[in-house]
Amino acid sequence: MDVYVGQNKRHWCLHQDLLCYHTAFFEDHVPEKGKQKNDKVELLEEDPRAFELFVKWLYQGRIDDVSDLPMEKKWDHADACQKLYLLCDRVDMPQLKNIAIDQFRKGCFEAGLVPGPEEIKPIYDMTPPRSPIRKLISQIAARQIMDPESQSDASTYRICFEASADFAIDVVNAIRQGAGAKLFHDPTEDVGCVYHEHGVGHFCKVS
């Protein structure tokens, strides 16, 4: 079976029986007796790096462990595993999907990097509500927002908030969960002109 992946249509020729054994996604492209059927599959929205990992797992039963890779390759592998998760979600391969998300988490930790809004937005575009990777990503974003040593704040994720109300809700819930039982300061208790419009340090004449 010919499979073309990515915008540049990188080509793989794979055993159709192996593909169909692992997922019914490819069965619609298998020719039937007496009928002409297209045995070409195009996955133009997918990342060729992810499909390369997919093929390795098909034929070898494993993918590389990020812990075995040099530091300069850890993040690229983690990012590819994030894309592999989305691919497996599309073709319904939960076992490999679980491997992919574990490698993604481990890769983020070992590389000391996390996905930015450009990587997060497609995850919410391509996955259903309550997806495990949505939970992970929203918790990562919430931690970045709340980390006093991080340069990220809520505005960092503006494109994600604008594109997905689900992302906004998930992040707020993750912040609430992470804050534990700590109650925020009550702004209605403030005195003076904290919320008035005037120059800083100016005397407020409103009584």
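Residues are numbered from 1 along each chain as its sequence is written, and side-chain values use heavy atoms, with hydrogens and water left out. Since the model is predicted, local features need pLDDT of at least 70 and side-chain atom pairs count only at pLDDT 80 or more, while totals for chains, interfaces and linings use all residues.

Let's start with the sheet. It is an open one of 3 strands in the order S2-S1-S3, with mixed pairing; strands (E, at least two residues) and helices (H or I, at least four) are DSSP runs numbered from the N terminus, and two strands pair if DSSP finds at least two bridges between them. Strand S2 (10–13) and strand S3 (40–43) sit at the edges with a single partner strand each, so one side of each has no neighbour in the sheet. On average, and ignoring direction, neighbouring strands are turned by 20° against each other.

Strand S1 (residues 2–5) runs antiparallel to S2, and 4 bridges join the two. With S3, S1 pairs in the parallel sense, again over 4 bridges. Asp2 has a bridge partner on either hand: Cys13 in S2 and Lys40 in S3. The hairpin of S1 and S2 has 4 residues between the strands, and Gly6 there takes a positive phi near 85°. In a regular strand the side chains alternate between the two faces of the sheet. In S1, Val3 and Val5 make up the covered face, whereas Asp2 and Tyr4 make up the uncovered one. Helix H2 (residues 48–60) packs on the sheet and touches S1, S2 and S3, contact meaning heavy atoms within 4.5 Å.

Next come the helix pairs. Helix H4 (residues 94–111) and helix H6 (residues 132–146) pack at about 10°, their axes 11 Å apart; axes are lines fitted to C-alpha atoms, for helices over the stretch in contact, and angles run from 0 to 180 degrees between N-to-C directions. That makes H4 roughly parallel to H6, a label for angles under 35 degrees. Ile101, Phe104 and Arg105 of H4 meet Pro132, Ile133, Leu136 and Ile137 of H6. By class, this contact has 6 nonpolar, no polar and 1 charged residues. Here Ala, Val, Leu, Ile, Met, Phe, Trp, Tyr, Cys and Pro count as nonpolar, Asp, Glu, Lys and Arg as charged, and the others, Gly among them, as polar.

H3 and H5 also pack at about 10° with axes 11 Å apart, and are therefore roughly parallel to each other. Asp79, Gln82, Leu86 and Asp89 in H3 meet Glu119, Ile123 and Met126 in H5. This contact divides into 3 nonpolar, 1 polar and 3 charged residues.

Back to H6: among its buried residues are Ile133, Leu136, Ile137, Ile140 and Ile145, buried being under 20% relative accessible area, exposed over 50% and partly exposed in between (1.4 Å probe, protein chains only). The cover over the buried residues of H6 includes H3, H4, H5, helix H7 (158–163) and helix H8 (165–179).

Finally, two loop residues have a positive phi without being glycines. Asp92, at about 60°, lies in the loop between helix H3 (71–91) and H4, and counts as exposed at 58% relative accessibility. Arg130, at about 70°, lies in the loop between helix H5 (117–126) and H6, and is exposed with a relative accessible area of 83%.

Conventions: Parallel < 35°, antiparallel > 145°, perpendicular 65-115°, else oblique.
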